Amino acid sequence: MTTPEEYDYVIVGGGTAGSVLANRLSENPGTRVLVLEAGSDFVPANVDVAPLWFTLLGSTVDWGYQTVPQPGLGGRRVYEPRGKLPGGSSNLYIMMHVRGHPSDFDNWAYQGAAGWSYADLQPYFARLESQEDQTDPRIGTSGPQTVTNAGRHDPNPMSQVFIDACRELGHREVPDFNGPEMIGTGWHHIDVKDGERRGVLKSYLEPVLDRPNLTLRTDAYAMNLVFEGTRCVGVRYQQQTPPAPPAEGRRLSGATPAEPGVRVVRSTAETIVCLGAIESPKLLLLSGLGGAEQLRSYRLPVVADLPGVGENFHNHVLTGLIAETVEPVPQGRQNLSESALFARSQPGMLAPDLQLAFVHVPFDIIVGQQHPNAVSILPGVVRPQSRGTIRLASTDPLVAPLIDPNYLGDQADVRRMVEAVKMSRDIFASSAFKGHLKGELMPGAQVRTDAEIEQFVRERADCYHHQAGSCRMGIDDLAVVDPQLRVRGVEGVRVVDASVMPAVPSGNCHTAIVAIAERAADLIKEAGHG
């Protein structure tokens with residue numbers, strides 16, 4: 001029998017968090033690190049081109065998940081994109097650099113996640129950032145992640161019109177959504193440099209793939225964690241045959257191939273699960289970590305009774321308004337979404353619960369084919385009340401789980417979406433947009449009353465790509481990991497990704513995931529293994 005490979009750390013998933021951990025844990029040349037990534041080592045050329053992000057959705061580097069039917073959306077299934085290559089969804093996201101509101105993280109700490117307040121995370125945000133403009137003394141200027149101001153690099157002129165319209169309606173302009181004040185309108189800071197995407201693949205993973213103590217194994221699909229008693233000692237995975245590469249792109253020079261087949265790799269220190277909010281709970285369940293009754297119903301062994309695995313799953317939810325322009329809209333050079341408004345659905349709230357993103361292309365593909373000269377506002381609820389679940393669809397590790405975000409399951413989310421649509425219409429109706437727009441294409445003049453807007457929202461609400469919460473950290477009975485991100489009830493395994501978030505931050509969440517991984521690397525090193 002072949003002796004299993006052995007490493008100090010096995011990182012399951014080479015996405016956003018996994019790439020950060022691969023970089024930080026391999027800084028010590030005496031530490032052996034393996035990254036198992038189910039995606040291929042071939043990076044299509046359009047991954048690197050910032051304004052082409054939409055071409056990646058539904059491509060070979062997208063898992064292309066579907067939800068179960070959503071009652072709040074009239075029974076529709078919703079498409080849930082996730083990245084399938086090293087760097088993960090950092091290769092698909094729209095490159096907005098948003099930390100989140102300080103109260104997002106303070107609430108994590110108040111609810112039992114000690115050490116995860118905004119003050120605790122601030123040094124890690126600064127560590128990851130290399131921001132070109134010093135909008136605040138707390139901004140990082142020498143980290144791996146290049147951060148530019150979209151307003152400084154030949155932005156689309158319609159993006160400025162959006163900011164002018166918001167100001168006309170009484171919203172303040174803020175210099176940086178990551179500065180002292182998040183509520184207001186302004187230019188996004190973005191993870192883009194000279195039109196190139198600067199996600200974790202470029203920022204964290206590729207620069208260190210030549211380290212002899214770091215191994216990246218692509219086309220490696222994790223099947224379950226391996227336990228001896230209650231200690232995780234490794235991972236069983238299926239090494240798959242690499243697919244044929246697309247016509248254009250690059251192959252990662254540091255990926256280490258292996259012969260196809262089922263293999264076991266051992267971890268002498270820790271195994272770190274970084275598969276994201278959809279796949280991390282699935283892997284835990286397949287490994288005997290979950291609610292005992294649920295595991296027994298699948299005839300899986302109960303290694304640890306953790307009823308919170310797969311619970312608390314949620315996501316931001318958005319929809320889109322489209323207006324046709326009088327003149328052709330200049331082609332995008334950055335991320336197509338350069339300006340935004342963070343707002344409160346009602347006075348007195350301490351943090352924004354609505355995000356209105358301006359996109360200088362049509363939000364809907366079909367509408368865009370018929371009306372290519374159009375712009376969109378994407379109103380979204382960024383502090384959702386609705387909560388759903390991740391459940392096993394099968395004990396076959398290669399089968400996707402049952403994904404239920406329960407979109408608009410809570411009436412508070414419906415009311416706020418209706419309010420956000422009305423705010424978006426007010427922006428398009430402003431004098432700043434007068435002379436630029438011909439008229440509204442979606443939802444259209446036939447949708448006027450609150451009831452009609454609610455019907456439109458239920459028919460057209462969509463995934464915001466910010467899946468979170470399904471392996472929540474905390475100290476209560478439904479917490480899956482403790483504040484050190486260690487899986488409760490067992491030893492030798494942590495979860496590090498968006499699934500540990502008790503609640504998704506108020507805005508695009510890529511930056512917060514990187515900060516979580518940065519802090520997790522320190523926690524792991526402090527444990528004496530790195």
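Colleague: Which residue in E16 does Val 235 stand opposite?

Modeller: In this predicted model, Val 235 stands opposite Val 265 in E16. The two residues belong to a pairing in which E14 and strand E16, residues 261-273, run in the antiparallel sense over six bridges. As a general idea for reading such a pair, side chains in a regular strand alternate between the two faces of the sheet.

Colleague: How many bridges join strand E13 to strand E14?

Modeller: Strand E13, residues 220-228, is joined to strand E14, residues 231-239, by eight bridges, and the two run antiparallel.

Colleague: Which residues does the UniProt domain annotation cover?

Modeller: According to an unreviewed UniProt entry, the annotation "domain: Glucose-methanol-choline oxidoreductase N-terminal" covers residues 276-290. In the model that span is 73% helix and 13% strand, with its end C-alpha atoms 16 Å apart.

Colleague: Which residues are the closest to the centre of the second largest pocket?

Modeller: That pocket, with a volume of about 560 Å³, is lined by 26 residues, of which Arg 383, Pro 384, Gln 385, Arg 387 and Ala 503 are the closest to its centre. The elements that give two or more residues to its lining are helix H2 (102-110) and helix H9 (411-428), and H9 supplies the largest share, four residues.

Colleague: What is the lining of the second largest pocket by class?

Modeller: The lining of the second largest pocket has ten nonpolar, eight polar and eight charged residues.

Note on methods: Residues numbered from 1 in each chain as written. Predicted model: local features only at pLDDT ≥ 70, side-chain atom pairs only at ≥ 80, totals over all residues. Heavy atoms only, no water. Pairing = 2+ DSSP bridges. UniProt positions renumbered as here; feature names shortened; annotations may be inferred. 1 Å grid on protein atoms, 1.4 Å probe; cavity = no way out; pocket = protein on both sides within 12 Å on 5 of 7 lines; lining within 4 Å. Points joined across faces, edges and corners; volume = space filled by probe spheres on them. Nonpolar A, V, L, I, M, F, W, Y, C, P; charged D, E, K, R; others polar.
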